[in-house]
Amino acid sequence: MKGFALVGRLVDYRSVRTGAVIVEDNVIQAVVPVGKLGEWGVDEVYGGKNYLVIPGLINAHTHVAMARFRGLGEDLPTEEWLEKIIWPMELEWTRKEILEWAEIGLKEALMNGSTTVNDHYFFADEIAEVAEKLGVRAFIGQTVMDEVDFPLANPEEGFRFFKRWKKSGLVTPTLAPHATNTVSLELMKEIAELSRETGARVHIHLAQSRAEVSEVKRRYGLSPVGLLERAGLLNERLIGVHGVYLSDSDFERLAKAGSSLVHCPTSNVKLEARTVNLRKLLDLSLNVALGNDSPNPTGILDPFIEMRTAGIVANLTAGRAHAIPARELFGMATVGGARALGLKAGLIEPGYLADLLLINANKPWFRPLENVYSLIVYSTRGSDVEMVIINGKIVINTKT
Ligand SMILES: [Zn+2]
């Protein structure tokens, strides 16, 4: 047969085994004991003793092209930062610059172990082009708003992008209303209808700021989740991001509807000095995924850092130590993200997408190689990823 195998400690949300993963075409063909590898006649074998093989991490909320703004206006208040730094630069961007910065941001996410990104930004055509070129699995939505006058956020442009890309290879277009206070109820209803017809995910910033919640209350007398429900968006295709100002009853409604919440703890603490009570969300059985958000403010698109930060910050909101086991945090970055996006990925099982990472654990910070969930969440950095496999293809191999 053609194909290749990855050997090492195989770690996914369900189990830890030592063995070999056989990859052929774009899926995992089999998981076998190392001693049986010879029977498969694969072309190449990678990894070995002291290697970890894990599912690729799913970065469920990014704005990759915003790598251009990394560190700029770092200490300004959010409004001033947007008005003085971000918006003027965005309005002047050329196509060439967008392609260049989308590539920088996507490469960064990829090199650090994100096999899938869920991106929300303007210039979605360019970002999709770069994702295809780099071989990254990407859900991409063109950000739209109609309550705020911003030329790049024209709703027609969003619909045009969505229809043009349909499902093309590794790129899946999403519908990306900006937030509950920047998009009208009418436009939300239109988006809900299109999502219902096509099955597309709807990716929206949700209760990210206090101002968003009070504006929605003033306009409609509703909470942000109440507004989504009225618009017909509260269902399993909804991916809400942040949720730092949602009430417990809003979280319950999201959980009941089968929607997903993307938790971005670094961004939340840095921009809002606030975060969600992750323990409570898991107790409600709400599906939670993790996201790096934008390289400004979060500094780096590294999903390992987000797992670690989520674990540490969760103790503060839960008011106790060890609030979330490392395995659960790893689950959010793998099966949680896969469920949010409707992907058969995130587990090392035959038939699952061959989106995998090979981690070289021949380093001091992986000793002792025993509690691997803890090592993945608290000791690994993106730079420890030696090989990135997406859709059965080796996209990064730092050894060559
Ligand atoms: Zn965002």
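1. The chain is divided into domain 1 (4-56 + 346-397) and domain 2 (57-341), with bounds from an automatic or database domain assignment. Their centres, taken over C-alpha atoms, are separated by 28 Å.

2. Some ground rules before going on: residues are numbered from 1 along each chain as its sequence is written. This is a predicted model, where local features need pLDDT of at least 70, side-chain atom pairs count only at pLDDT 80 or more, and totals for chains, interfaces and linings use all residues.

3. Where the domains meet, 23 residues of domain 1 are in contact with 26 residues of domain 2 (contact: C-beta atoms, placed from the backbone, within 7 Å). On the domain 1 side, two or more residues each come from helix H14 (372-379), strand E14 (385-390) and strand E15 (393-397). Helices (H or I, at least four residues) and strands (E, at least two) are DSSP runs, numbered from the N terminus. H14 gives the largest share of that side, five residues.

4. Now to helix H4 (residues 155-165), whose buried residues are Gly 158, Phe 161 and Phe 162. Seen down the H4 axis, these fall within an arc of 100 degrees, so they line one face of the helix; the arc is that of the directions from the helix axis to the C-beta atoms. Buried means 20 or more other C-beta atoms within 10 Å of a residue's own, exposed 12 or fewer, and partly exposed in between, with C-beta atoms placed from the backbone.

5. The buried residues of H4 pack against helix H3 (124-134), strand E7 (137-144) and strand E8 (171-177). Exposed Glu 156, Lys 163 and Arg 164 sit on the face turned away from the buried side. Just after H4, Lys 166 has a positive phi of about 30 degrees.

Key. Contact = placed C-beta atoms within 7 Å.
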